[in-house]
Amino acid sequence: IKAIQAFGVDVIEHEDRLECTRPKGTLSAANIHFSTKTVTGTENAIMVAVLAKGTSKITNAAAEPEVI
């Protein structure tokens, strides 16, 4: 969730889902550092980074074959 928020996305946690919005239009590039490697977190950060304007950097990312 923190990685997605770094791109300027507002995240509201509901009991059964996450509601993600970007009220200002385009996503902004971000520098993401995971304190622990996470496959799902890395995949989500990559998907958001692809849509963001500019160059994003993700460090300590998971490197399993299904991710890269």
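Student: By class, which residues does the lining of the largest pocket have?
Tutor: This is a predicted model, where local features need pLDDT of at least 70, side-chain atom pairs count only at pLDDT 80 or more, and totals for chains, interfaces and linings use all residues. Residues are numbered from 1 along each chain as its sequence is written, and side-chain values use heavy atoms, without hydrogens and water. A pocket is an open set of points on a 1 Å grid over the protein atoms alone, where a 1.4 Å probe fits, with protein on both sides within 12 Å along at least five of seven lines; lining residues have an atom within 4 Å of a point. Among the lining residues are Ile1, Lys2, Phe34 and Asn44, and the classes come to 7 nonpolar, 2 polar and 1 charged.

Student: Which element gives the largest share of that lining?
Tutor: Helices here are DSSP runs of H or I with at least four residues, and strands are E runs of at least two. Two helices, H1 (2-6) and H2 (39-51), each give two or more residues to the lining of the largest pocket. The largest share, 4 residues, comes from H1.

Student: Which residue forms a salt bridge with Asp16?
Tutor: The rule asks for a side-chain nitrogen of Lys or Arg within 4 Å of a carboxyl oxygen of Asp or Glu, and it gives 1 salt bridge. The closest N and O atoms are 3.2 Å apart, and the partner of Asp16 is Arg17.

Student: In S2, what is the bridge partner of Ile12?
Tutor: Strands S1 (residues 10-13) and S2 (residues 18-21) run antiparallel, joined by 4 bridges; pairing needs at least two. Within S2, the partner of Ile12 is Glu19.

Terms used: Nonpolar A, V, L, I, M, F, W, Y, C, P; charged D, E, K, R; others polar.
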